[in-house]
Amino acid sequence: MSTEIVLVPGFWLGAWAWDDVAPLLVERGFDVSAISLPGLDSLDAAGVGLAEQADAISAALDPAADRRVLVVHSGAAFPATMVIDRQPGLVDRLVLVHTAIPVDGIAFNPEQDGDSTLAEAWDGLEQEGSFRDLTDDQLATFKQRALPQPHDVVTEPISLTNPERSMVPVTAICTVFDAAAYQDYAKQGVPFLAGLLEHQVDYIDLPTGHWPMWSKPAELAELIAAAAAT
């Protein structure tokens, strides 16, 4: 039986973000592809919104595969949730890497002026512990290769209409915050986490920063492989 794993990076990143993880999954016998979302595959992000990014994720998933596992990091959870809302049967398991499932009608930052850049967010990320376990070389590469996040992706409210998306099983790999915090904040109604309550979620702790594909690639690959087998 063939199991396909599609890896989708979050804000400011391209497919290259998974370079340390993808080969480890291939070694385990999975069919693996990493994609760059529209608007993050070049400097031209004009007209790119959540729908265009969701289209790209759908196109990367092979309907002929026996199983399709979608792994999304950070902000990629928004277009990924649109995918399972449109086509819940296309994804056999959704794996969230330090992210969550949004609820209908919210946006990352409706007040964002222009594209979102890593430079704008750097100090806040550092204070939150998001850079934990990263080397100076990894941080330098991040700064060098990061692209602006398209304005429309950041400001556009997500539109979700299909309750059947809750039928897709979910694995949440929790890094900066542990699983207990995720669940507690979701129950409190935090919009960026409340969507987790609509799904059957397996929570797994991986204590590190926001980018475990760089800080703990072997451990992350092991957890993704385990999730793909369930």
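Okay, one definition before we start: two rings of Phe, Tyr or Trp count as a pair if their centres lie within 6.5 Å, taking the six-membered ring for Trp. Keep that in mind, and remember that this is a predicted model.

So, how many aromatic pairs does the structure hold? There are 13. Let's look at one of them, W122 with F131. Their ring centres are 4.5 Å apart and the planes sit at 40 degrees, so we call this pair tilted. Are these two buried or exposed? Both W122 and F131 are buried.

Now zoom out a bit. W122 and F131 belong to one aromatic cluster, together with F11, W12, W16, F78, F108, F142, F192, W211 and W214.

Next up, the nonpolar cores. The largest one has 41 residues, and V8, I57, L70, V72, L94 and L96 are the ones with the most contacts inside it. Which elements give two or more residues to this core? On the strand side we've got β1 (3-8), β3 (67-73), β4 (93-97) and β5 (170-174). The helices are α2 (50-60), α3 (77-86), α7 (179-187) and α8 (191-194). The top contributor is α3, with six residues.

If you skip its neighbours within four places in sequence, I57 is in contact with V8, I35, L37, L70, P79, A80 and V83.

And apart from that core lies another, with 37 residues, including F30, L118, A225 and W16.

Conventions:
Residues are numbered from 1 along each chain as its sequence is written. This is a predicted model: local features need pLDDT of at least 70, side-chain atom pairs count only at pLDDT 80 or more; totals for chains, interfaces and linings use all residues. Side-chain values use heavy atoms; hydrogens and water are left out. Rings of Phe, Tyr and Trp (its six-membered ring) pair if their centres lie within 6.5 Å; planes under 30 degrees apart count as stacked, over 60 as edge-to-face and the rest as tilted. Buried means under 20% relative accessible area, exposed over 50%, partly exposed in between (1.4 Å probe, protein chains only). A nonpolar core is a set of buried Ala, Val, Leu, Ile, Met, Phe, Trp, Tyr and Cys residues joined through side-chain atoms within 4.5 Å. Helices (H or I, at least four residues) and strands (E, at least two) are DSSP runs, numbered from the N terminus. Contact means heavy atoms within 4.5 Å.
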